[in-house]
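Here's a quick walk through one model, with an eye on its charged pairs and one stretch of sheet. Have a look at the structure before reading on.

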Amino acid sequence: MGTDIEGLIEVRGRDGRWTARDWLPDCALVRDRYARECLFGYGGGLGVDIGRALFDQRGKPDDVSDDVPDDEINHSHSYATWAEVATVDWDAPLTDGPSWTHIGTWLPGPRGELELDDVYGTPAEVLDAAEELFGEDLMPPEWPEGGEVHLNGAVYRPVDVTPRIFAPPDGDRWGPVWTTMRELAAEHGDENVRLVVWFG
């Protein structure tokens, strides 16, 4: 069994009260534990340092709308205003060094320069090639500075865990959420639009 995410976007009226405006769209409800870990500190597998997720399990706001549940089934609440989302550094590392579990794959782009193509769990064949190249069995963060593995036309390099890689702001999962918040903020103000999420 996995854990589901739920959430909504609230707007604060002139009376100071928050009301639910939009529920999370289906695209954001996908069980993507890496995105959840980067955004809300809930999930696992990337090793995001405690407290460095963008909106790390902040709890439920005291003035939250009545639509947000608070019971034994729904837990690990977090939130963020559009003012906070709009100033996120999506390229800031969320760990103190490269990922221990994932590797970046670079391929030649249209102009021949290497471009990051994908990031995924480090394949055994890459680790084997690294061991042969570096002379010992090393995980990507342990490779020599500037170390990389060339294999089957691709270049493999260690990568830092960043929100842009695992929860891109313009991606098809969370991009629509940020777009909705941005549009509401243009009408109501950056501090008056808030995302609230929880897990259950």
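Which side chain meets Glu 10 in a salt bridge?

## A buried charged pair

Keep in mind that this is a predicted model. The partner is Arg 194, and the N to O distance of this salt bridge comes out at 2.8 Å. Glu 10 sits in strand β1 (residues 5-12) and Arg 194 in strand β8 (residues 193-199), so the contact ties together parts that are 184 residues apart in sequence.

Neither end is out in the open: Glu 10 and Arg 194 are both buried.

## Other salt bridges

The structure holds 10 salt bridges. One of them pairs Arg 52 with Asp 49 at 2.8 Å, N to O. Here Arg 52 is partly exposed, at 30% relative accessible area, and Asp 49 is partly exposed as well, at 25%.

Another links the side chains of Arg 157 and Glu 148, with 2.7 Å from N to O. Arg 157 has 25% relative accessibility, so it counts as partly exposed; Glu 148 gets that label too, with 22%.

Strands β4 (residues 102-108) and β5 (residues 114-121) run antiparallel and are joined by seven bridges. Across the pair, Leu 107 stands opposite Glu 115 of β5.

Together β4 and β5 make a hairpin, with five residues between them. Check Gly 112 in that turn: its phi is positive, at about 90 degrees.

How values were computed. Residues numbered from 1 in each chain as written. Predicted model: local features only at pLDDT ≥ 70, side-chain atom pairs only at ≥ 80, totals over all residues. Heavy atoms only, no water. Pairing = 2+ DSSP bridges. Helix = DSSP H or I, 4+ residues; strand = E, 2+ residues; numbered from the N terminus. Salt bridge = Lys/Arg side-chain N within 4 Å of Asp/Glu carboxyl O. Buried < 20%, exposed > 50% of the residue type's maximum accessible area, 1.4 Å probe, protein only.
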